[in-house]
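Please look over the sequence and structure shown here.

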Amino acid sequence: MNWKKRICALLCAAACAASLLAGCAGSPAKAEVPDTIRWINATHAILTDMNGWDCAVFGGMEATEANKKLMIPFLDEWWGVTDHDSAEENIEWLLTEGHRAEFVEFMALLDEDGWAEYSEEETAAMMSELLEDENMGKSVARSYADYLVYGPSSIDGWDYSRALSLLGWYYVAGFYTESEALDKALEIAKELQGKFSSWDELTESYMRGYEYWSDESADPRREVYNDLKGRSDSPYQIAWDTVLEKSWE
């Protein structure tokens, strides 16, 4: 199975287990979440919701021993994270390279070969024949069309969103302290505010990255996003231009 799809499959399995761990007890009253943490949580709320976790909690679930036992093997098998050092390496890769580095290199090659003269439909047809895979051909054509509109930063939101979700998971797994994870998340969040102008803009960049990575349509994830926006407890109620500041020790 394609490694990308294996990660998706595991996420689904982990979601079921985590839902049992986090949701079997009653829901006690929660302290008000500071705006900065709400903002950070919103950057990856789509994945959090798809996993069946809590968008209002940093890391998607409380940092209990039971949830720690769930998160540690997950991070080990699918991200190669086993301790603080390997956790750092993954975050560093996402922030300096991620999938966007490969994306930019690939799209630049298409530019050099003159693919910009073809329509998206023509590119899809020719790529499908070249790659002997219709879905992959369409995916390449779609990503290249995005690249022509949005440039090298087209999928930045995908890598940065995943970095922020990972930081929460590191906290749940015990690889980072809460303050360490939130300090790094605050640094990334401020950078995101400079790269994008709204939740919609960030989310579309995330979707383009997902489609590039998965060779699949992001429409199901767009449905999740639209559903989240319409909820009374929507994580996107927090304003994009919220002043982000440290509110933890």
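The report below goes from the overall fold to the cores and then to the rings.

## Overall fold

This is a predicted model. The chain has twelve helices and zero strands. Read along the sequence, the pattern is α-α-α-α-α-α-α-α-α-α-α-α.

The chain has 249 residues, and 47% of them are buried. Its accessible surface comes to about 12,400 Å². Carbon and sulfur atoms hold 51% of that surface. Sequence separation in the contacts is also on record: among contacts between residues at least 6 apart in sequence, 75% join residues at least 24 apart.

## Nonpolar cores

The largest nonpolar core has 57 residues. Within this core, the residues with the most contacts are Met71, Leu75, Trp79, Trp169, Tyr170 and Trp199. Several helices each supply at least two core residues: α2, α3 (45-50), α4 (65-79), α5 (84-96), α9 (156-173), α10 (178-195), α11 and α12 (219-230). Which helix gives the largest share of this core? That helix is α9, with ten residues.

## Aromatic pairs

The whole structure holds 17 aromatic pairs. In one of them, the rings of Trp39 and Trp199 have their centres 4.9 Å apart. Their planes meet at 45°, so the pair is tilted. The cut-offs explain the label: a stacked pair needs planes under 30 degrees apart, and an edge-to-face pair needs them over 60.

Why does this pair tie together parts that are apart in sequence? Trp39 lies in helix α2 (residues 35-42) and Trp199 in helix α11 (residues 199-214), so the pair ties together parts 160 residues apart in sequence.

Are these two tryptophans buried or exposed? Trp39 is buried, with a relative accessible area of 0%. Trp199 also counts as buried, at 8% relative accessibility. The cut-off for buried is under 20%.

## Ring cluster and a charge over a ring

Ring pairs also build a cluster. It links Trp39, Trp199, Tyr225, Tyr236 and Trp240.

Arg208 lies over the face of Tyr150. The distance to the ring centre is 3.6 Å.

Notes
Residues numbered from 1 in each chain as written. Predicted model: local features only at pLDDT ≥ 70, side-chain atom pairs only at ≥ 80, totals over all residues. Heavy atoms only, no water. Helix = DSSP H or I, 4+ residues; strand = E, 2+ residues; numbered from the N terminus. Buried < 20%, exposed > 50% of the residue type's maximum accessible area, 1.4 Å probe, protein only. Contact = heavy atoms within 4.5 Å. Areas by Shrake-Rupley, 256 points an atom, 1.4 Å probe, with all protein chains shown as cover. Phe/Tyr/Trp six-rings, centres within 6.5 Å; stacked < 30°, edge-to-face > 60°. Lys NZ or Arg CZ within 6 Å of the ring centre and 35° of its normal. Core = buried A, V, L, I, M, F, W, Y, C linked by side-chain atoms within 4.5 Å.
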